[in-house]
Amino acid sequence: MPFYTKFVLCSNNERNPVLIDAEETRFWIRKVCPLESDDTQFLYKLKAEIPAFLFWLSNRRLSTEQESRMWFRPSLIHTAALDKIIRNNRSRVEIDMCEQILEVMNEQNIGEFCFCINDLLSLLENTRHKVERYQMRVVVQDFWKLTPAPNAYTYVTYETAYLPQLTYKAAKRTGRYYKVTRAFLENLC
């Protein structure tokens, strides 16, 4: 027998009620504002409305056409509350990488950051973050969907400067580097 159902999950936890990946299209997250007044008869009023509500459901005209397996086009049910949960479900490694790159961009006043995995690994290690190379590669390639330069080119990256007036300094390197922009990272974090 075919099985078709929808679940309604309710939670007071706005940040992590469930784990949701960035490309997930099965969730319609709604933030419901609290009641303005305490109505002790609210449940009874709701029960009294059930017959009218069922009549309305069976006789209503649908306002949308079926556009996906979940009926609605994903953009129709994408909400700010969903974005908040997706941002909060990011791994600690991804958040650390994002914050480190943004810190360099802010200090150096640059709009894009070029790096190889080893460049970013040494930046994070100097700030006492314990990160493995393979974890960073998963974030960069699988989650951020970045592709390296097609050939080994010269690029400018940033490294920790051990000088009192500077935190980071520019360094020329050669390799198959990745490039991220400030707008991309700010959209993630």
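**Entry 1: terms and model**

Buried means under 20% relative accessible area, exposed means over 50%, and partly exposed is in between, using a 1.4 Å probe and protein chains only. I start with D119, which counts as buried at 7% relative accessibility.

I note that this is a predicted model, where local features need pLDDT of at least 70, side-chain atom pairs count only at pLDDT 80 or more, and totals for chains, interfaces and linings use all residues. Residues are numbered from 1 along each chain as its sequence is written, and side-chain values use heavy atoms, with hydrogens and water left out.

I looked up confidence next: pLDDT is the predictor's confidence in each residue, from 0 to 100. The chain averages 86, and 99% of the residues score at least 70. Helices (H or I, at least four residues) and strands (E, at least two) are DSSP runs, numbered from the N terminus. Confidence is highest in helix α1 (residues 42–59), at a mean of 94, and lowest in helix α2 (residues 80–88), at 82.

**Entry 2: helix α3**

I followed helix α3 through residues 92–108, 17 residues in total. From first C-alpha to last it reaches 24 Å, close to the 24 Å expected at 1.5 Å a residue; the expected span is 1.5 Å times one less than the number of residues. Among the buried residues of α3 I found V93, M97, I101 and M105. Just after α3, N109 takes a positive phi of about 55 degrees.

**Entry 3: aromatic rings**

Rings of Phe, Tyr and Trp (its six-membered ring) pair if their centres lie within 6.5 Å; planes under 30 degrees apart count as stacked, over 60 as edge-to-face and the rest as tilted. I find seven aromatic pairs in the structure. One of them is F113 with F115, stacked at 5.7 Å centre to centre with 25 degrees between the planes. F113 and Y158 have ring centres 6.4 Å apart and planes at 20 degrees, so this pair is stacked. F113 lies in strand β1 (residues 112–115) and Y158 in strand β2 (residues 153–163), so the pair ties together parts that are 45 residues apart in sequence.

Ring pairs link F113, F115, Y158 and Y178 into a cluster.

**Entry 4: salt bridges**

I count a salt bridge where a side-chain nitrogen of Lys or Arg is within 4 Å of a carboxyl oxygen of Asp or Glu. The count comes to twelve.

Which residues meet R173 and D119 in one network? The R173 and D119 side chains meet in a salt bridge at 2.7 Å, N to O. This pair links strand β3 (residues 166–175), where R173 sits, with helix α4 (residues 117–126), where D119 sits, 54 residues apart. Salt bridges that share partners join D119, E159, K169 and R173 into one network. R173 is partly exposed, at 29%.

I also looked at E14 and K84, whose side chains meet at 3.1 Å, N to O. E14 is in the segment before α1 and K84 is in helix α2, 70 residues apart.

**Entry 5: T79**

I found T79 in the loop between α1 and α2, where T79 counts as buried at 16% relative accessibility. Contact means heavy atoms within 4.5 Å. Not counting residues up to four places away in sequence, T79 touches W28, I29 and R30.
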